[in-house]
Amino acid sequence: MSESADPAGPGGLTTGEVARRLGVAPTTVRTWDQRYGLGPDRHTGGRHRRWTPADVARLERMCALTATGIPPAEAARLARETPAPASAPAAPPSVLPRRAPAPEAAPASRAGSGLRLGDARQECRGIARAALRLDAAALDRLLLDAIREHGLVAAWTEVIVPTLQAVGRKWESSGERYVEVEHFLSWHVSGALRRAAPDTAPDRPGASVVLACVPGDNHTLALEVLSAALAERSIPVRMFGGALPVESLIAAVRRTGPAAVALWAQSRTTASRPLAQHVAAMEWGVRGARRSPLVLTLGPGWSGRPAPGTARPHGLADAVQALEGLATR
(Lines give C-alpha, C1' and ligand atoms only; values in the text may rest on other atoms or scores of the structure.)
Protein backbone atom coordinates (compact mmCIF):
# COMPACT_ATOMS: atom_id res chain seq x y z
CA MET A 1 0.00 0.00 0.00
CA SER A 2 1.34 3.47 -0.83
CA GLU A 3 1.76 6.24 1.68
CA SER A 4 -0.95 8.26 -0.02
CA ALA A 5 -3.44 5.55 0.86
CA ASP A 6 -2.54 5.38 4.55
CA PRO A 7 -4.92 7.11 6.94
CA ALA A 8 -3.44 9.95 8.92
CA GLY A 9 -2.48 8.92 12.39
CA PRO A 10 -2.72 11.04 15.49
CA GLY A 11 0.85 12.24 15.05
CA GLY A 12 0.35 14.05 11.75
CA LEU A 13 -0.17 13.65 8.01
CA THR A 14 1.29 11.07 5.64
CA THR A 15 3.47 12.13 2.71
CA GLY A 16 0.63 11.47 0.28
CA GLU A 17 -1.79 13.65 2.26
CA VAL A 18 0.74 16.47 2.43
CA ALA A 19 1.33 16.24 -1.32
CA ARG A 20 -2.40 16.52 -2.04
CA ARG A 21 -2.71 19.61 0.13
CA LEU A 22 0.28 21.26 -1.52
CA GLY A 23 -0.80 20.31 -5.04
CA VAL A 24 2.46 18.51 -5.88
CA ALA A 25 3.43 14.91 -6.50
CA PRO A 26 4.42 12.73 -3.50
CA THR A 27 7.79 12.17 -5.18
CA THR A 28 8.37 15.93 -5.03
CA VAL A 29 7.80 15.96 -1.26
CA ARG A 30 10.16 13.02 -0.81
CA THR A 31 12.80 14.69 -3.00
CA TRP A 32 12.62 17.87 -0.93
CA ASP A 33 13.04 15.74 2.18
CA GLN A 34 16.02 13.74 0.87
CA ARG A 35 17.86 16.51 -0.98
CA TYR A 36 17.16 19.59 1.08
CA GLY A 37 16.33 18.39 4.58
CA LEU A 38 12.72 19.58 4.48
CA GLY A 39 11.37 16.42 6.07
CA PRO A 40 9.45 16.06 9.34
CA ASP A 41 11.25 17.32 12.41
CA ARG A 42 10.46 14.16 14.33
CA HIS A 43 9.15 10.61 13.90
CA THR A 44 5.94 9.55 15.60
CA GLY A 45 6.48 5.80 15.40
CA GLY A 46 5.50 3.34 12.73
CA ARG A 47 6.94 2.74 9.28
CA HIS A 48 5.95 6.01 7.62
CA ARG A 49 6.99 9.57 8.37
CA ARG A 50 4.36 11.91 9.76
CA TRP A 51 4.19 15.62 9.01
CA THR A 52 3.13 18.16 11.65
CA PRO A 53 1.52 21.55 10.87
CA ALA A 54 4.94 23.19 11.29
CA ASP A 55 6.45 20.78 8.77
CA VAL A 56 3.65 21.53 6.31
CA ALA A 57 4.10 25.28 6.79
CA ARG A 58 7.77 24.93 5.83
CA LEU A 59 6.78 23.08 2.66
CA GLU A 60 4.23 25.78 1.88
CA ARG A 61 7.04 28.34 1.99
CA MET A 62 9.07 26.10 -0.33
CA CYS A 63 6.16 25.98 -2.81
CA ALA A 64 5.66 29.74 -2.67
CA LEU A 65 9.36 30.41 -3.34
CA THR A 66 9.74 27.95 -6.22
CA ALA A 67 6.52 29.30 -7.76
CA THR A 68 8.35 32.61 -8.28
CA GLY A 69 11.11 30.88 -10.24
CA ILE A 70 13.70 30.61 -7.44
CA PRO A 71 15.85 27.46 -7.92
CA PRO A 72 14.79 24.63 -5.57
CA ALA A 73 18.07 24.51 -3.62
CA GLU A 74 17.93 28.24 -2.80
CA ALA A 75 14.20 28.07 -2.07
CA ALA A 76 14.81 25.22 0.39
CA ARG A 77 17.48 27.22 2.21
CA LEU A 78 15.14 30.19 2.55
CA ALA A 79 12.25 27.96 3.64
CA ARG A 80 14.37 26.45 6.41
CA GLU A 81 15.65 29.82 7.60
CA THR A 82 12.34 31.71 7.51
CA PRO A 83 10.22 31.13 10.62
CA ALA A 84 6.49 30.57 10.30
CA PRO A 85 4.39 33.71 10.98
CA ALA A 86 3.64 34.00 14.68
CA SER A 87 0.24 35.54 13.96
CA ALA A 88 -0.99 32.43 12.17
CA PRO A 89 -0.74 29.43 14.52
CA ALA A 90 -0.96 26.13 12.73
CA ALA A 91 -4.23 24.24 12.80
CA PRO A 92 -4.35 20.57 13.77
CA PRO A 93 -3.93 18.20 10.83
CA SER A 94 -7.65 17.39 10.69
CA VAL A 95 -8.55 20.95 9.70
CA LEU A 96 -5.65 21.85 7.42
CA PRO A 97 -6.86 23.29 4.08
CA ARG A 98 -7.11 20.85 1.20
CA ARG A 99 -4.51 22.80 -0.75
CA ALA A 100 -1.86 25.28 0.34
CA PRO A 101 -2.83 28.82 -0.74
CA ALA A 102 0.60 30.03 -1.78
CA PRO A 103 1.06 28.17 -5.09
CA GLU A 104 -2.55 28.85 -6.15
CA ALA A 105 -2.14 32.55 -5.44
CA ALA A 106 0.93 32.95 -7.64
CA PRO A 107 0.72 36.31 -9.45
CA ALA A 108 -0.06 36.40 -13.14
CA SER A 109 2.86 36.97 -15.47
CA ARG A 110 3.80 40.42 -16.68
CA ALA A 111 2.72 39.29 -20.13
CA GLY A 112 -0.82 39.74 -18.84
CA SER A 113 -1.99 36.15 -18.45
CA GLY A 114 -1.31 33.21 -16.15
CA LEU A 115 -1.41 29.55 -17.18
CA ARG A 116 -3.54 26.72 -15.78
CA LEU A 117 -0.93 24.26 -14.59
CA GLY A 118 -3.00 22.18 -12.19
CA ASP A 119 -0.91 19.95 -9.97
CA ALA A 120 2.27 20.13 -12.05
CA ARG A 121 5.58 20.80 -10.34
CA GLN A 122 5.98 24.34 -9.04
CA GLU A 123 8.94 24.90 -11.36
CA CYS A 124 6.43 24.98 -14.22
CA ARG A 125 5.11 28.32 -13.10
CA GLY A 126 8.46 30.08 -13.25
CA ILE A 127 9.20 28.58 -16.68
CA ALA A 128 5.76 29.52 -17.99
CA ARG A 129 6.11 33.12 -16.81
CA ALA A 130 9.57 33.43 -18.37
CA ALA A 131 8.18 32.10 -21.66
CA LEU A 132 5.22 34.50 -21.58
CA ARG A 133 7.63 37.39 -20.97
CA LEU A 134 9.88 36.11 -23.80
CA ASP A 135 12.71 36.32 -21.26
CA ALA A 136 15.42 34.20 -22.89
CA ALA A 137 18.03 34.41 -20.11
CA ALA A 138 15.58 33.48 -17.34
CA LEU A 139 14.06 30.69 -19.42
CA ASP A 140 17.44 29.10 -20.14
CA ARG A 141 18.40 29.27 -16.47
CA LEU A 142 15.15 27.75 -15.22
CA LEU A 143 15.16 24.93 -17.76
CA LEU A 144 18.76 23.98 -17.00
CA ASP A 145 18.07 24.20 -13.25
CA ALA A 146 15.15 21.78 -13.62
CA ILE A 147 17.21 19.31 -15.66
CA ARG A 148 20.14 19.41 -13.24
CA GLU A 149 17.86 19.19 -10.22
CA HIS A 150 15.67 16.29 -11.32
CA GLY A 151 17.51 14.60 -14.21
CA LEU A 152 16.50 14.62 -17.86
CA VAL A 153 13.68 12.09 -17.67
CA ALA A 154 11.94 13.53 -14.58
CA ALA A 155 12.44 17.13 -15.72
CA TRP A 156 10.91 16.33 -19.10
CA THR A 157 7.97 14.34 -17.73
CA GLU A 158 7.07 16.43 -14.69
CA VAL A 159 8.25 19.95 -15.56
CA ILE A 160 8.75 20.57 -19.28
CA VAL A 161 5.85 18.60 -20.77
CA PRO A 162 3.20 20.10 -18.41
CA THR A 163 4.49 23.58 -19.24
CA LEU A 164 4.45 22.92 -22.99
CA GLN A 165 0.91 21.58 -22.69
CA ALA A 166 -0.21 24.63 -20.72
CA VAL A 167 1.24 26.98 -23.33
CA GLY A 168 -0.47 24.95 -26.04
CA ARG A 169 -3.82 25.23 -24.24
CA LYS A 170 -3.31 28.97 -23.88
CA TRP A 171 -2.65 29.26 -27.61
CA GLU A 172 -5.73 27.18 -28.51
CA SER A 173 -8.03 29.18 -26.23
CA SER A 174 -6.85 32.67 -27.14
CA GLY A 175 -7.30 32.85 -30.88
CA GLU A 176 -3.68 31.91 -31.66
CA ARG A 177 -2.35 34.94 -29.77
CA TYR A 178 0.47 32.98 -28.14
CA VAL A 179 2.03 31.19 -31.10
CA GLU A 180 5.28 33.09 -30.55
CA VAL A 181 5.40 31.88 -26.93
CA GLU A 182 5.02 28.24 -27.97
CA HIS A 183 7.78 28.55 -30.58
CA PHE A 184 10.00 30.46 -28.15
CA LEU A 185 9.60 27.86 -25.39
CA SER A 186 10.15 24.92 -27.75
CA TRP A 187 13.33 26.46 -29.11
CA HIS A 188 14.77 27.04 -25.65
CA VAL A 189 13.80 23.56 -24.46
CA SER A 190 15.69 22.15 -27.44
CA GLY A 191 18.73 24.25 -26.58
CA ALA A 192 18.62 23.25 -22.92
CA LEU A 193 18.49 19.56 -23.86
CA ARG A 194 21.55 19.94 -26.05
CA ARG A 195 23.51 21.78 -23.37
CA ALA A 196 22.55 19.31 -20.64
CA ALA A 197 23.33 16.17 -22.65
CA PRO A 198 26.83 14.64 -22.65
CA ASP A 199 28.76 14.07 -25.85
CA THR A 200 27.44 11.42 -28.21
CA ALA A 201 28.70 7.97 -27.26
CA PRO A 202 31.12 6.24 -29.68
CA ASP A 203 29.47 3.79 -32.04
CA ARG A 204 29.30 0.13 -31.08
CA PRO A 205 28.30 -2.28 -33.86
CA GLY A 206 24.78 -3.53 -33.33
CA ALA A 207 24.18 -1.29 -30.31
CA SER A 208 23.18 2.04 -31.86
CA VAL A 209 19.69 3.55 -31.93
CA VAL A 210 18.20 5.41 -34.92
CA LEU A 211 15.76 8.22 -34.09
CA ALA A 212 13.60 9.87 -36.74
CA CYS A 213 10.23 11.44 -37.38
CA VAL A 214 8.13 9.73 -40.02
CA PRO A 215 7.69 11.49 -43.39
CA GLY A 216 5.49 14.55 -43.05
CA ASP A 217 6.18 15.04 -39.33
CA ASN A 218 8.50 17.70 -37.92
CA HIS A 219 7.82 17.38 -34.17
CA THR A 220 11.34 16.51 -33.02
CA LEU A 221 11.34 17.68 -29.39
CA ALA A 222 10.43 14.33 -27.80
CA LEU A 223 13.10 12.60 -29.88
CA GLU A 224 15.62 15.20 -28.77
CA VAL A 225 15.04 14.44 -25.09
CA LEU A 226 15.18 10.70 -25.84
CA SER A 227 18.49 11.23 -27.63
CA ALA A 228 19.86 13.17 -24.65
CA ALA A 229 18.69 10.53 -22.16
CA LEU A 230 20.32 7.75 -24.19
CA ALA A 231 23.55 9.75 -24.45
CA GLU A 232 23.53 9.98 -20.63
CA ARG A 233 23.55 6.18 -20.60
CA SER A 234 26.41 5.95 -23.15
CA ILE A 235 24.15 4.46 -25.83
CA PRO A 236 25.18 5.44 -29.38
CA VAL A 237 22.46 7.47 -31.08
CA ARG A 238 21.96 8.59 -34.66
CA MET A 239 19.39 11.36 -34.75
CA PHE A 240 17.83 12.21 -38.13
CA GLY A 241 15.25 14.72 -36.98
CA GLY A 242 12.06 15.70 -38.74
CA ALA A 243 10.28 14.34 -41.81
CA LEU A 244 12.88 11.79 -42.90
CA PRO A 245 11.90 10.45 -46.36
CA VAL A 246 11.13 6.76 -46.59
CA GLU A 247 14.08 6.00 -48.88
CA SER A 248 16.46 7.86 -46.57
CA LEU A 249 15.19 6.05 -43.48
CA ILE A 250 15.63 2.66 -45.13
CA ALA A 251 19.11 3.60 -46.35
CA ALA A 252 20.11 4.80 -42.86
CA VAL A 253 18.93 1.57 -41.25
CA ARG A 254 20.75 -0.57 -43.81
CA ARG A 255 23.97 1.40 -43.44
CA THR A 256 24.04 1.43 -39.63
CA GLY A 257 22.48 -1.92 -38.62
CA PRO A 258 20.96 -0.48 -35.42
CA ALA A 259 19.68 -2.39 -32.43
CA ALA A 260 16.54 -0.28 -32.49
CA VAL A 261 14.70 2.34 -34.55
CA ALA A 262 12.38 4.84 -32.86
CA LEU A 263 9.82 6.49 -35.14
CA TRP A 264 7.85 9.52 -33.97
CA ALA A 265 4.41 10.41 -35.36
CA GLN A 266 2.47 13.34 -33.95
CA SER A 267 -0.77 12.61 -35.83
CA ARG A 268 -2.55 9.56 -37.20
CA THR A 269 -2.34 11.02 -40.69
CA THR A 270 1.46 10.68 -40.68
CA ALA A 271 1.78 7.41 -38.74
CA SER A 272 2.39 4.68 -41.32
CA ARG A 273 1.97 1.16 -39.97
CA PRO A 274 3.28 -0.40 -43.22
CA LEU A 275 6.47 1.67 -42.91
CA ALA A 276 7.00 0.59 -39.28
CA GLN A 277 6.44 -3.06 -40.20
CA HIS A 278 8.79 -2.79 -43.19
CA VAL A 279 11.60 -1.41 -41.02
CA ALA A 280 10.97 -4.09 -38.37
CA ALA A 281 11.34 -6.80 -41.06
CA MET A 282 14.66 -5.50 -42.41
CA GLU A 283 17.64 -7.83 -41.87
CA TRP A 284 21.41 -7.59 -42.08
CA GLY A 285 24.44 -9.57 -41.07
CA VAL A 286 25.95 -12.86 -42.20
CA ARG A 287 23.71 -15.74 -43.19
CA GLY A 288 22.68 -17.77 -40.15
CA ALA A 289 23.15 -14.79 -37.80
CA ARG A 290 20.94 -12.15 -39.33
CA ARG A 291 19.45 -9.43 -37.14
CA SER A 292 16.47 -7.09 -37.32
CA PRO A 293 15.91 -3.87 -35.37
CA LEU A 294 13.39 -3.41 -32.62
CA VAL A 295 11.02 -0.70 -33.89
CA LEU A 296 9.50 1.61 -31.28
CA THR A 297 6.49 3.63 -32.39
CA LEU A 298 6.44 6.86 -30.39
CA GLY A 299 3.99 9.74 -30.30
CA PRO A 300 0.19 10.16 -30.25
CA GLY A 301 -0.09 9.33 -33.94
CA TRP A 302 0.46 5.64 -33.18
CA SER A 303 -2.54 5.37 -30.85
CA GLY A 304 -4.25 2.01 -30.77
CA ARG A 305 -2.74 -1.44 -31.01
CA PRO A 306 0.97 -1.60 -31.94
CA ALA A 307 1.73 -2.60 -35.50
CA PRO A 308 2.86 -6.24 -35.78
CA GLY A 309 6.56 -6.58 -35.08
CA THR A 310 6.79 -3.25 -33.25
CA ALA A 311 6.61 -2.03 -29.65
CA ARG A 312 4.89 1.04 -28.22
CA PRO A 313 6.41 2.26 -24.91
CA HIS A 314 4.23 4.21 -22.50
CA GLY A 315 6.22 7.41 -22.08
CA LEU A 316 9.85 8.48 -22.05
CA ALA A 317 10.96 6.37 -19.08
CA ASP A 318 9.63 3.18 -20.68
CA ALA A 319 11.33 4.00 -23.99
CA VAL A 320 14.66 4.66 -22.29
CA GLN A 321 14.41 1.43 -20.30
CA ALA A 322 13.57 -0.63 -23.38
CA LEU A 323 16.39 0.83 -25.45
CA GLU A 324 18.91 0.66 -22.62
CA GLY A 325 18.24 -3.04 -22.10
CA LEU A 326 18.47 -3.77 -25.81
CA ALA A 327 21.62 -1.79 -26.54
CA THR A 328 23.56 -3.17 -23.58
CA ARG A 329 23.03 -6.86 -24.34
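The questions and answers below walk through a predicted model, from the whole chain to its sheet, pockets and a few single residues.

Reader: How many helices and strands does the chain have?
Author: This is a predicted model: local features need pLDDT of at least 70, side-chain atom pairs count only at pLDDT 80 or more, and totals for chains, interfaces and linings use all residues. Residues are numbered from 1 along each chain as its sequence is written, and side-chain values use heavy atoms, with hydrogens and water left out. Helices (H or I, at least four residues) and strands (E, at least two) are DSSP runs, numbered from the N terminus. The chain has 13 helices and five strands.

Reader: What percentage of the 329 residues is buried?
Author: Buried means under 20% relative accessible area, exposed means over 50%, and partly exposed lies in between (1.4 Å probe, protein chains only). In helix α1 (residues 15-22), seven of the eight residues are buried, among them Val18 and Leu22. Across the 329 residues of the chain, the buried share is 50%.

Reader: What is the order of the strands in the open sheet?
Author: Two strands pair if DSSP finds at least two bridges between them. Strands β1 (residues 209-213) and β2 are joined by three bridges, β3 (residues 260-264) and β4 by five, and β4 and β5 (residues 310-311) by two. The edge strands, pairing on one side only, are β2 and β5. With parallel pairing, the order is β2-β1-β3-β4-β5.

Reader: Which residue in β4 stands opposite tryptophan 264?
Author: Strand β4 spans residues 294-298, and four of its five residues are buried. Its leucine 296 has alanine 311 in β5 as bridge partner. Opposite tryptophan 264 stands leucine 298.

Reader: At about what angle to β3 does helix α11 run?
Author: Axes are lines fitted to C-alpha atoms, for helices over the stretch in contact, and angles run from 0 to 180 degrees between N-to-C directions. Helix α11 (residues 246-256) lies across β1, β2 and β3. Its angle to β3 is about 160°.

Reader: What is the volume of the largest pocket?
Author: On a 1 Å grid over the protein atoms alone, a pocket is an open set of points where a 1.4 Å probe fits, with protein on both sides within 12 Å along at least five of seven lines; lining residues have an atom within 4 Å of a point. Grid points are joined across faces, edges and corners, and a volume is the space filled by probe spheres set on the points. The largest pocket has 36 lining residues, and Trp156, Leu221, Ala222, Trp264 and Gln266 lie nearest its centre. Its volume is about 1,200 Å³.

Reader: Which helix gives the largest share of the lining of the largest pocket?
Author: At least two residues each come from α8 (152-173), α9 (179-196), α10 (221-232) and α13 (316-327). The largest share, nine residues, comes from α8.

Reader: Which element gives the largest share of the lining of the second largest pocket?
Author: The second largest pocket has a volume of about 280 Å³. Its lining counts 15 residues, with Arg194, Ala197, Glu224, Ser227 and Ala228 nearest the centre. Two or more lining residues come from each of α9, α10 and β2 (237-239). The largest share, four residues, belongs to α10.

Reader: Is alanine 79 buried or exposed?
Author: Alanine 79 sits in helix α4 (residues 72-81). Contact means heavy atoms within 4.5 Å. Leaving aside neighbours within four places in sequence, alanine 79 contacts Arg58, Arg61, Met62 and Leu65. Because its relative accessibility is 0%, alanine 79 counts as buried.

Reader: Where does leucine 134 lie?
Author: Leucine 134 has a positive phi of about 55° although it is not a glycine. At 42% relative accessibility, leucine 134 counts as partly exposed. Its place is the loop between α6 (123-133) and α7 (136-150).

Reader: Why does serine 234 count as partly exposed?
Author: Serine 234 lies in the loop between α10 and β2. Its phi is positive, near 60°, in a residue other than glycine. Serine 234 is partly exposed because its relative accessible area is 43%.
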